[in-house]
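I opened this notebook to record what I looked up in one structure, entry by entry. I wanted to keep each reading tied to the residue it belongs to.

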Amino acid sequence: MDAGELLVHECDVLIPCALGGVLNRENAGDVKAKFIIEATNHPTDPEADEILSKKGVIILPDIYANAGGNMQTFMWNEEKVNEELKKYMRKDFHSIKNMCRTHESNLRMGSFTFGVSRVARSTVLRGWEA
């Protein structure tokens, strides 16, 4: 099975995790997965995102799915890393879901909105002006 066939193969969850841009307008209509977890940077182009959303596919965007990787850089043992990941990823997921409900948006837009709001809040707390 080649990579192109793999992306449109019958499955419940599709996890593109190596290359960006693999889900595009040419193949998005043929994707059979109900859920996509973007484990690489930008695997779904904007046209594919729209096609998949219209099909009812739930996409956990790269901005959230990749967020935990930075936690490993601290000088913690594996147990502490996992404990902190669980705490922060759960808290942020709930914040993203609340953002989605508030703005009636999908997970991608909720993730972006949540991220921008955190940067804006940090900017204000530091006393920087826009």
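**Entry 1, the model.** I noted before anything else that this is a predicted model.

I looked up how the strands are arranged and found three of them in an open sheet, in the order 1-2-3, with parallel pairing. Strand 1 (13–14) and strand 3 stand at the edges with a single partner strand each, so one side of each is left without a neighbour in the sheet. I then followed the pairing of strand 1 with strand 2, which run parallel and are joined by two bridges; for Leu14, the bridge partner in strand 2 is Ile36.

Which residues of helix 2 (residues 46–54) are buried? I found Ala48, Asp49 and Leu52 to be buried there. Seen down the helix axis, the buried residues of helix 2 fall within an arc of 105°, so they line one face of the helix. In general, an α-helix has 3.6 residues a turn, so residues three or four places apart point the same way. On the other side of helix 2, I found Pro46 and Lys54 exposed. I also looked up what covers the buried residues of helix 2, and the cover includes strand 2 (35–37), strand 3 (58–60) and helix 5 (107–125).

Just after helix 2, Gly56 takes a positive phi of about 85°.

My search for ring pairs gave one aromatic pair in the structure. Tyr64 lies in helix 3 (residues 62–65) and Phe93 in helix 4 (residues 78–103), so the pair ties together parts that are 29 residues apart in sequence. I looked up the exposure of both residues as well: Tyr64 is buried, with a relative accessible area of 12%, whereas Phe93 is partly exposed, with a relative accessible area of 29%.

How many disulfides does a search of the whole structure find? I noted zero disulfides. For Cys11, the closest cysteine sulfur is that of Cys17, and at 12 Å from the sulfur of Cys11 it is too far for a bond. Cys11 counts as partly exposed at 22% relative accessibility, while Cys100 counts as buried at 7%.

I located Gly29 in the loop between strand 1 and strand 2, and I noted it as partly exposed, at 45% relative accessibility. Leaving aside residues up to four places away in sequence, Gly29 touches Ile51 and Lys55. I also looked up its separation from Ala48, which is 19 residues apart from Gly29 along the chain, and the two C-alpha atoms are separated by 7.9 Å.

I found Arg121 in helix 5, where it counts as exposed at 58% relative accessibility. The C-alpha atoms of Arg121 and Pro43 are separated by 29 Å, and these residues are 78 residues apart along the chain.

Methods. Residues numbered from 1 in each chain as written. Predicted model: local features only at pLDDT ≥ 70, side-chain atom pairs only at ≥ 80, totals over all residues. Heavy atoms only, no water. Phe/Tyr/Trp six-rings, centres within 6.5 Å; stacked < 30°, edge-to-face > 60°. Helix = DSSP H or I, 4+ residues; strand = E, 2+ residues; numbered from the N terminus. Buried < 20%, exposed > 50% of the residue type's maximum accessible area, 1.4 Å probe, protein only. Arc of directions from axis to C-beta. Contact = heavy atoms within 4.5 Å. Pairing = 2+ DSSP bridges. Disulfide = S-S within 2.5 Å.
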